[in-house]
Amino acid sequence: MVNDYNEITEILSILVDRYRRKTIFISGSADNYGNFSDEEGKIFLHTFFR
């Protein structure tokens, strides 16, 4: 139960924080795959995002 209107903002902030902890955001492109060859790196990324 919400006793005060201001509690809604607090509850929503908690929900957003909990949601963000369970998600991963990956952005950009790889120019260098480190120890992987270009082909191995691309295969890994395609497999990872399936």
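Here is a short tour of a salt bridge, an aromatic pair and a charged patch in a predicted model.

Before you click: residues count from 1 along each chain as its sequence is written, and side-chain values use heavy atoms, without hydrogens or water. Local features need pLDDT of at least 70 and side-chain atom pairs 80 or more, while totals for chains, interfaces and linings use all residues.

**Stop one: helix 1.** Select residues 6–21 (helices are DSSP runs of H or I, at least four residues, numbered from the N terminus). Now show Asp17 and Arg21, which sit four residues apart in this helix, about one turn. They form a salt bridge, with the closest N and O atoms 2.7 Å apart (a Lys or Arg side-chain nitrogen within 4 Å of an Asp or Glu carboxyl oxygen). A search of the whole structure finds one such bridge. Asp17 is partly exposed at 37% relative accessible area, while Arg21 is exposed at 64% (buried is under 20%, exposed over 50%, partly exposed in between, with a 1.4 Å probe and protein chains only).

**Stop two: the rings.** The whole structure has one aromatic pair. Pick Phe36 and Phe44: their ring centres are 6.1 Å apart and their planes at 10 degrees, so the pair is stacked (centres within 6.5 Å; planes under 30 degrees are stacked, over 60 edge-to-face, the rest tilted). Phe36 is partly exposed at 46%, and Phe44 is also partly exposed at 46%.

**Stop three: the negative patch.** Select Asp31, Asp38, Glu39 and Glu40, which form a negative surface patch (residues with over 30% relative accessible area and no salt bridge, like charges joined within 9 Å). Zoom in on Glu39: this residue belongs to helix 2, residues 38–48, and is exposed at 52%.

Technical notes. Patch = residues over 30% accessible without salt bridge, like charges linked within 9 Å, V, L, I, M, F, W, Y side chains within 5 Å. Areas by Shrake-Rupley, 256 points an atom, 1.4 Å probe, with all protein chains shown as cover. Lys, Arg positive; Asp, Glu negative; His and termini not counted. Charge placed at Lys NZ, Arg CZ, Asp CG, Glu CD. Helix = DSSP H or I, 4+ residues; strand = E, 2+ residues; numbered from the N terminus. Phe/Tyr/Trp six-rings, centres within 6.5 Å; stacked < 30°, edge-to-face > 60°.
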